[in-house]
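Please look over the sequence and the model shown below before reading on.

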Amino acid sequence: MKILVCMKQVPQKDAPLKLNEAGTWIREDVSYEVNEPDAYALEEALRQKEKHGGEVVVITAGPARAQQVLREALAKGADRAIHLEDAGFVGLDAYNTARAFAATIKDEQFDLIFTGLQSDDYGFAQTGVILAQLLGRPHATIIMQIEKTDGGIQVKRELEAGYFQFVDMPLPAVLTIQSGINKLRYATLIGIKQAKNKPLQKVSMAEVQSAVGANMQKIERMYIPHKSKKTEFLEGGASEIAKKLVDKLRNEIRVL
Amino acid sequence: MPETILVVVEQREGKLNRVSWETVAAGQALAAETGWTLETAVVGLGVASIANEVASTKVSKVYSIESAALNPYTPDAFSAALKQFLDSQKPRIVLMPHTYQVRDFIPQLATAMQRTVISDCIGYRKDGDRLLFTRQMFQGKFAADVSFACDTPWFVTFQNGAFRGDKVESGASAAPVQTVNIELPVDTIRNKPQEVFKEAKQAVDLTQAEIIVSVGRGIKEQKNIELAKQLADALGGEIAASRPICDSGWLPMDRQIGSSGQTVAPKLYLALGISGAIQHIVGMKGARSVVAINKDNEAPIFEIADVAVVGNLFDIVPPLIEEVKKAKA
């Protein structure tokens, strides 16, 4: 199986984020990490390769810093990486990101393409499905299990409220992967060493520009959300806070 | 011709998904503000009774989009059927709830029509002639007003809980229901879905719990779960968690609160080290009181907390357990 994993670099979960001056995006001087569901997508690709053989290729779009995500993926066992390197990729909507990916891989034949089910920054939850449509391939979303069958694959889709569904589908296909589908591995020292010699292809914005159009949706303004609820902050030492909290639980919330 | 807002309600297994009422309420509010006509559609096979249910609300028309190929649900069939319908009807804007099913097909539909979806919105705002849709960014740390920069139809999905489903206005008389039969060649449907099922191990029903102590990443290590359990026991409540905790196997999956887990509405929801990602919030924002303890003063959980403690949960929880025990003694 030849598998492509689409990955994204996002701000670290507990990174303090600040708005840029224009109020349209964050200030980029923060720490980054791999988008969590994408890490599970990579792990699943590595496991499928271990079972069935083949190749795992990782792709990302973003400025130079995003290369870190690819380096980590190579260290964990991906075979090669593609970096659409330009700060401009950060501002693309899901449709254009998918178009840039589709243009980059147009001469390759992947059996499976994985994405995480959504990203921690925009949270569109769309890029994988759009990519499937652009490539004319079937897709399934929020996947918790993948088994190879005679005619293709059987996947387990997560539905809401604890429900699931098995879906049989042909290959090639695109799947969006849910966090928790597997247990993540760590990169080994030897993996980190080997990663340095693995191919990392760079693609410039100019090379995919003809496939990318104007964004169809635009962030007019980003801001700190208006608070809808009045929150009372308790302050003091730990034991003082514990006393205040118990007072609230007894006299206001009335659960004691 | 007047501009039209189309709300596509969701049915699963022949039943209306109640979250659809929230989207109808959103459509009614938008129609009142813009003067545009509100129409609705239900997609499936044998969905006339759902269409009639929707027709009792204040809408101009209900379309029942029917085809044998629409049962069971597949993204290929739903996307193709709605594309045929939208190509002929040309609404200005199409609203749907941001459910797992809609997430599965709406990007395919919009891409097939060379359009875009502003997904997971929590509201909208009219700004002169412009319509802005508000959605959360960076896991709820920011909100963004987003506009369409393309031709219609505009696709929008609304987050669970963004509008009040119980605020749907009834119609003076039943709206007309029109059946639209769609021809779909069966070989265009590539996925073969099986029956929907629930995992047998889903044994714990947290929806009835009055007190829930819930843990997030801030609990740091598996062995620290015990501390949260002691607090839950002292309070006489249930232990629960955000998704990452269950993904790591520190608590079983049936203890998970959020869009992929259980939706709860206890008297007290005590969140320990939970940042408050959107997917978690939708599962617990119905709680009567939310108490949050988190060391990050910008954690989105504080947006919806009634009582907040900015601090280290490992400092605060041990004396809290003692105080609760004293109070109960």
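Which residue in E12(B) is the bridge partner of Val167(A)? The bridge partner is Pro193(B), and the two strands concerned, E9(A) and E12(B) (residues 192-198), pair in the antiparallel sense over five bridges, where pairing requires that DSSP finds at least two bridges between two strands.

This is a predicted model, in which local features need pLDDT of at least 70 and side-chain atom pairs count only at pLDDT 80 or more, while totals for chains, interfaces and linings use all residues. Residues are numbered from 1 along each chain as its sequence is written, and chains are lettered from A and ligands numbered from 1 in the order in which they are written.

**Where the chains meet**

In total, 71 residues of chain A are in contact with 76 residues of chain B, a contact being two residues whose C-beta atoms, placed from the backbone, lie within 7 Å. Among the elements of chain A that each supply at least two residues to the side touching chain B are helix H4 (127-135), strand E7 (139-148) and strand E9 (163-170); helices (H or I, at least four residues) and strands (E, at least two) are DSSP runs, numbered from the N terminus. H7(A) gives the most to this side, with ten residues.

**A helix of chain B**

Helix H4 of chain B covers residues 100-112, and its 13 residues should span 18 Å at 1.5 Å a residue, which agrees with the 19 Å between its end C-alpha atoms; the expected span is 1.5 Å times one less than the number of residues. Eleven of the 13 residues of H4(B) are buried, so this helix is largely enclosed by the rest of the structure, where buried means that 20 or more other C-beta atoms, placed from the backbone, lie within 10 Å of the residue's own. The buried residues include Arg103(B), Asp104(B) and Phe105(B). Just after H4(B), Gln114(B) takes a positive phi of about 55 degrees.

**Chain B as a whole**

The secondary structure of chain B comes to eight helices and 17 strands.

| Property of chain B | Value |
|---|---|
| Span of the C-alpha trace along its principal axes | about 70 × 50 × 35 Å |
| Buried residues | 54% of the 329 residues |
| Contacts between residues 24 or more positions apart | 64% of the contacts with a separation of 6 or more |

Conventions: A residue is buried if 20 or more other C-beta atoms lie within 10 Å of its own, exposed if 12 or fewer, and partly exposed in between; C-beta atoms are placed from the backbone.
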